[in-house]
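Dear colleague,

Please find the structure below, handed over for your use. My notes on what was found in it follow directly after.

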Number of protein chains: 2
Amino acid sequence: MSPQSVLQAAECLAAVVPPTPVLMHEGLNQQLGYEIFFKCENLQRTGAFKFRGAYYALSQLSEKEKKAGVVAYSSGNHGRALACAARLLNISATIFMPEDAPAIKQHSARDEGAEVILYDRHRQSREALAAELVEARGLTLIPPFDHPNVIAGQGTAVLELFQQAGKLDAILVCVGGGGLLSGSILARNLMQPECEMFGVEPAAGNDVQQSVQKGEIVTIPVPDTIADGAQTRAASPLTFSIIQKNVKAILTITDDELIHQMRWFAEQMKLVVEPTGCLAAAALPQLTMKQGSRIGVLISGGNVDLASWMHWVGSVV
Amino acid sequence: MSPQSVLQAAECLAAVVPPTPVLMHEGLNQQLGYEIFFKCENLQRTGAFKFRGAYYALSQLSEKEKKAGVVAYSSGNHGRALACAARLLNISATIFMPEDAPAIKQHSARDEGAEVILYDRHRQSREALAAELVEARGLTLIPPFDHPNVIAGQGTAVLELFQQAGKLDAILVCVGGGGLLSGSILARNLMQPECEMFGVEPAAGNDVQQSVQKGEIVTIPVPDTIADGAQTRAASPLTFSIIQKNVKAILTITDDELIHQMRWFAEQMKLVVEPTGCLAAAALPQLTMKQGSRIGVLISGGNVDLASWMHWVGSVV
């Protein structure tokens, strides 16, 4: 994939979303000795960076494909983002969601005008269900990360961050399937090749860390973590090839660290951040950059069931 | 007071704080038929717009006054903002706080390097205590709203909003002592005289609404409301004279409406907003502007005890 694809995606997205804010926290800067730039994708349209990749991927479909419509399986941010992007582009969207997915997630996709089809995730394969629809209705499947245009779209968040923050010495980005990290790497290669890129995974779901160490894609059981956006079992060949060649290191974070980070964001920065969105910031103390380094931190999203969020945040003394 | 004073304040503040973000919510726009621009002063340095007025007022002191130091009484955002601004300007600051003020507020002022003096609010007068220090140590008292430079500083938030959002048909601003509203009016008079200005008070503390109706300053008992930033008993002659001549209307909001608004901000916009910061947004349904109007809403701050905030937000079904 060419780094230039991120520029093309950015041009396309400029018409529908303004840049998300970059915020700083003076106390944290003093404590760690860095200048830290938080890129707030929790304040992005649909509450997560996923809108970027979904919109760009849909915008690049042929007229025939747009007319036929798209399909995705996701109970999370990709589904919601795709539903919103499809509405804006006047494309019909079908989202497969497990029947035990939180009602609020079903509602938000339906509110965007998507057709939501529930399935029994213990007895039905979402891949098979989606493949049937692709076959029967001629729909195009939009995967959550394993797609060049999705990756290019996700990369625009870090492209913006460079434009907003100027020179950066390192950037921390969460990793699920690796779409955001590989897109971010493409943006880095284009803008500031000397900036170091770190991926951050849940400790319970460190498949990409293992994969980088082993030199090949490692598949793990569904990770047991509150970071629901990073519960992927493996990266894809495309995201892994970009990550493997370019990443400085993959760091890991426990759920307990995520919960403390969630509370810190609420108290100190007045932000609601979902568990996955806390991964990158929680890894800041693990960095061993020289004092005064300029560090970018990507807050990936803020979509979290408020009752769960309050339970976690309230559990910290 | 001249509207130009807001421009001078903005020039001074540009060196220490970037513009705060302006965010939008597509669903709310569709629901109400307006284009709504949320100015996020909860994301301001020290968590509230108060930093603007405090910093500008301190920066305008003479060298002799700066050397002698400043004093304020406040258990809230003004105290914290003043402590931070004083540290940045290398001025010593003394803040009187009631001894039953939340420990976190005492800590945050002390962390900024201020001297915090506790007093018994049932038995001691903070005005008298501060006056003693002014006399004994030659300190300058920085009031929370009744001061031209404080007002000019607060006005820079709406000045920025005009620069960021372009033409606006109306702006909603919360009212405690009226420093923010009168500063906002000066900015409006300078930038877009045709834009209508609305103040929003707690229903239990509508002294400014009563004052505007009566044509003179009305003083009320300390209002019983969760909007602790708007528990003032009366506007000052300076803020009232500006408000009286220029405000379109003063609207009021119940605590119950504030709590629903707090939850909406958390769920829909991923923002932690303190009760006072919810006043302006909660008044949106009361507006009767024509469809398509462009409305500015000032979110004044996000400093709230997280346990209280979660209690309120969790109480909404």
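At 30% relative accessibility, A:Arg87 counts as partly exposed (buried means under 20% relative accessible area, exposed over 50%, partly exposed in between, with a 1.4 Å probe and protein chains only). Its salt-bridge partner is A:Glu112, at 2.8 Å from N to O; a salt bridge here is a side-chain nitrogen of Lys or Arg within 4 Å of a carboxyl oxygen of Asp or Glu. The pair links distant parts of the chain, 25 residues apart: A:Arg87 lies in helix H5 (residues 77-88) of chain A, and A:Glu112 in the loop between helix H6 (103-111) and strand E5 (115-119) of chain A. Helices (H or I, at least four residues) and strands (E, at least two) are DSSP runs, numbered from the N terminus. A:Glu112 counts as buried, at 15% relative accessibility.

Please note that this is a predicted model, in which local features need pLDDT of at least 70 and side-chain atom pairs count only at pLDDT 80 or more, while totals for chains, interfaces and linings use all residues. Residues are numbered from 1 along each chain as its sequence is written, chains are lettered from A and ligands numbered from 1 in the order in which they are written, and side-chain values use heavy atoms, with hydrogens and water left out.

Salt bridges

Over all chains, a search of the whole structure finds 26 salt bridges. One of them, between B:Lys248 and B:Glu196, has an N to O distance of 3.5 Å. These two residues are 52 residues apart, B:Lys248 in the loop between helix H11 (237-246) and strand E9 (249-253) of chain B and B:Glu196 in strand E8 (residues 196-202) of chain B. B:Lys248 is exposed, with a relative accessible area of 53%, whereas B:Glu196 is partly exposed at 25%.

The interface

Chain B and chain A bury about 1900 Å² between them, 64% of it on carbon and sulfur atoms; buried area is the accessible area (1.4 Å probe) that two parts lose on being put together, summed over both. In chain B, the residues that lose the most area to chain A are B:Lys270, B:Leu306 and B:Met310, together 34% of what that side buries. Each chain is represented in the contact, with 25 residues from chain B and 25 residues from chain A (contact means heavy atoms within 4.5 Å).

Four salt bridges are found across this interface. In one pairing, B:Glu26 and A:Arg45 have their closest N and O atoms 2.8 Å apart. This pair runs from helix H2 of chain B to the loop between strand E2 (35-40) and helix H3 (50-59) of chain A. Both residues are partly exposed, B:Glu26 with a relative accessible area of 27% and A:Arg45 with 22%. A:Glu26 forms a salt bridge with B:Arg87, at 3.1 Å between the closest N and O atoms. A:Glu26 and B:Arg87 also belong to a network of salt bridges with B:Arg45 and B:Glu112.

The nonpolar core

The largest nonpolar core has 149 residues, and those with the most contacts inside it are A:Leu172 and B:Leu172. Such a core is a set of buried Ala, Val, Leu, Ile, Met, Phe, Trp, Tyr and Cys residues joined through side-chain atoms within 4.5 Å. Leaving aside neighbours within four places in sequence, A:Leu172 is in contact with residues including A:Phe198, A:Val200, A:Leu251 and A:Ile295.

With kind regards
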